Amino acid sequence: MLLRYTTVLTLASASLQPPGLLLVLAAIGWLAEVLGWRYFGRVLILLALGILYFFSTAVGARLLLLPLEDRYPPLVQPVGGGETPGAIVVLGGGEVMQSPESTQETANARTLVRLMTAAQLAKQTGLPIIPSGGAPRLGVPPEAVTMEHILRQDLGVQSAIWPETQSYNTAANAADSAALLARHNIHQVYLVTSALHMPRAVVWFRHAGLNVIAAPTDYRLDRVSGLRLDSWLPRAIYLEISSEASHEYLGLFWLWIQEQGIGGGH
């Protein structure tokens, strides 16, 4: 049942963000033209192509990305005083499965950057780390187990590690991590995830009853150089960033629906 639910969510998400949404829009336009609504159909096709081009440029990617990444400032140094958290929660961002260079699952670049930030924070504070992430598919270890191995073997973390191995999305990351932390009487944490993912993650963790200090990482775009002529040239990397940002906006919209009581569950 859970597998079916997550599959439906994945398909729905792919259809509602670029490039899936634009392919759907273009297909509707083609169908409209076949049915004789030529003007309407051509408008939809041109609209899909125009949006595809814009989201494939640095200009379009920045427009979507920066409001998400700038929501929470970088954590320059650990907090002190009465606000000190009791643990560090780091969210999984995906794995590379059956890599030719490894006999086991390994973290993708996004997860590795998050783990590096969590490891540095743990070495500064001595706090325990909760790597959060369930099994990406049936028959393989949970992502949190892979993350624990990297923290210990590759990043040299000496503090306690409590893997959270059941979650399958951000809402479950928050609920399952909160349940684990409650057993240790911890209610305030550092939260480590990608900067564009942080706004949605913070809301879910606060809904789960945790006080959160954001430690964003994995920034996607160069902040040094401004817009140039080549900022208008389409590139696949910018479409990927636009798609990820769109996914976050969809997630925030779905969260708003949950808060309004329109939908049920997580």
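**Close-up views of a predicted model**

**View 1. Pro19 sits in the loop between helix H1 (2-15) and helix H2 (20-34).** Please keep in mind that this is a predicted model. The peptide bond that runs from Pro18 to Pro19 is cis, and its omega is near 5°. For context, most peptide bonds are trans.

**View 2. Ala48 is a buried residue of helix H3.** Helix H3 covers residues 38-55. With a relative accessible area of 3%, Ala48 falls under the 20% cut-off, so this residue counts as buried. Beyond its neighbours within four places in sequence, Ala48 is in contact with Leu22, Leu25 and Ala26. Look also for Gly29: its C-alpha is 8.9 Å from that of Ala48, and the two are 19 residues apart in sequence.

**View 3. The largest nonpolar core has 22 residues.** Val89, Leu181, Val189, Leu191, Val202 and Phe205 are the ones that touch the most other members. At least two core residues come from each of strand E1 (87-91), helix H7 (170-182), strand E5 (188-194), helix H8 (198-207) and strand E6 (211-217). A separate, second core holds 20 residues, including Leu121, Met147, Ile161 and Val192. In soluble globular proteins, nonpolar side chains tend to be buried together.

**View 4. Here are the contacts of Val189.** Setting aside residues up to four places away in sequence, Val189 touches Pro85, Ala87 and Val89, along with Leu181. Asn211, Val212 and Ile213 complete the set of contacts.

**View 5. Asn185 and Asp218 each have a positive phi.** Neither residue is a glycine: phi is near 55° for Asn185 and near 60° for Asp218. Most residues other than glycine have a negative phi. Asn185 belongs to the loop between H7 and E5, while Asp218 lies in the loop between E6 and helix H9 (236-260). Which of the two is buried and which is exposed? Asn185 is exposed, at 60% relative accessible area, whereas Asp218 counts as buried at 13% relative accessibility.

**View 6. Stepping back, the whole protein has nine helices and six strands.** Its radius of gyration is 20 Å, close to the 18 Å that the globule rule gives for 266 residues, so the protein is as compact as a globular protein of that length. The C-alpha trace spans about 65 × 45 × 45 Å along its principal axes. Buried residues account for 43% of the 266. Of the contacts between residues at least 6 apart in sequence, 70% join residues at least 24 apart.

Notes: Residues numbered from 1 in each chain as written. Predicted model: local features only at pLDDT ≥ 70, side-chain atom pairs only at ≥ 80, totals over all residues. Heavy atoms only, no water. Core = buried A, V, L, I, M, F, W, Y, C linked by side-chain atoms within 4.5 Å. Buried < 20%, exposed > 50% of the residue type's maximum accessible area, 1.4 Å probe, protein only. Helix = DSSP H or I, 4+ residues; strand = E, 2+ residues; numbered from the N terminus. Contact = heavy atoms within 4.5 Å. Rg over C-alpha atoms; globule rule 2.2 N^0.38 Å.
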